[in-house]
Amino acid sequence: MDTLDTLDDAAAAAAFRRLVRHLRHRSDAQNVDLMGLAGFCRNCLSDWTQEASGLSKDDARQVIYGMPYAEWKANHQADATPEQLERMAESVKKNA
C-alpha cells in the first residue's frame with residue numbers, strides 16, 4: 001500500500017488547503033509555467049476538485065481561485081509565450 005493512502009484525511013485536507021492558499025497568494029506563478037514545470041496547474045486542481053466533490057466546473061474553479069475564474073484571468077493571467085507553450089506541451093507528455 002502506498003503510504004500516501006495512510007495519511008489521515010484531515011491532514012490531507014489541511015495540506016490541500018494550504019497548497020490552494022499558497023497558489024492564490026502567488027498569482028505571479030502563471031498556470032502555463034506551473035504546467036511547464038510540474039504538469040499541473042490551478043485548472044487541474046479545480047478539475048480534480050470537481051471530480052471529487054461533484055461541484056460544477058465554475059464552482060470548483062471559484063474554490064481554487066478564490067474568485068470567479070474570469071475575474072482571476074483578467075487580473076492575473078498574462079499571454080503565454082511560444083516558449084512557455086512548448087515547455088508546457090513537453091511537460092504534459094510526462095503525465096500519467
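Reader: Which residues of helix H2 (residues 31–38) are buried?

Author: The buried residues of H2 are Asn31, Val32, Leu34, Met35 and Gly36. Buried means under 20% relative accessible area, exposed over 50%, and partly exposed in between, with a 1.4 Å probe and protein chains only. Helices are DSSP runs of H or I with at least four residues, numbered from the N terminus. This is a predicted model, in which local features need pLDDT of at least 70 and side-chain atom pairs count only at pLDDT 80 or more, whereas totals for chains, interfaces and linings use all residues. Residues are numbered from 1 along each chain as its sequence is written, and side-chain values use heavy atoms, with hydrogens and water left out.

Reader: What covers the buried residues of H2?

Author: The cover includes H1, helix H3 (42–53), H4, helix H5 (69–76) and helix H6 (82–92), where contact means heavy atoms within 4.5 Å.

Reader: Why are H1 and H4 called roughly perpendicular?

Author: The axes, lines fitted to C-alpha atoms over the stretch in contact, with angles from 0 to 180 degrees between N-to-C directions, cross at roughly 80 degrees. Angles under 35 degrees count as roughly parallel, over 145 as roughly antiparallel, 65 to 115 as roughly perpendicular and the rest as oblique. H1 and H4 are therefore roughly perpendicular to each other.

Key:
Helices (H or I, at least four residues) and strands (E, at least two) are DSSP runs, numbered from the N terminus.
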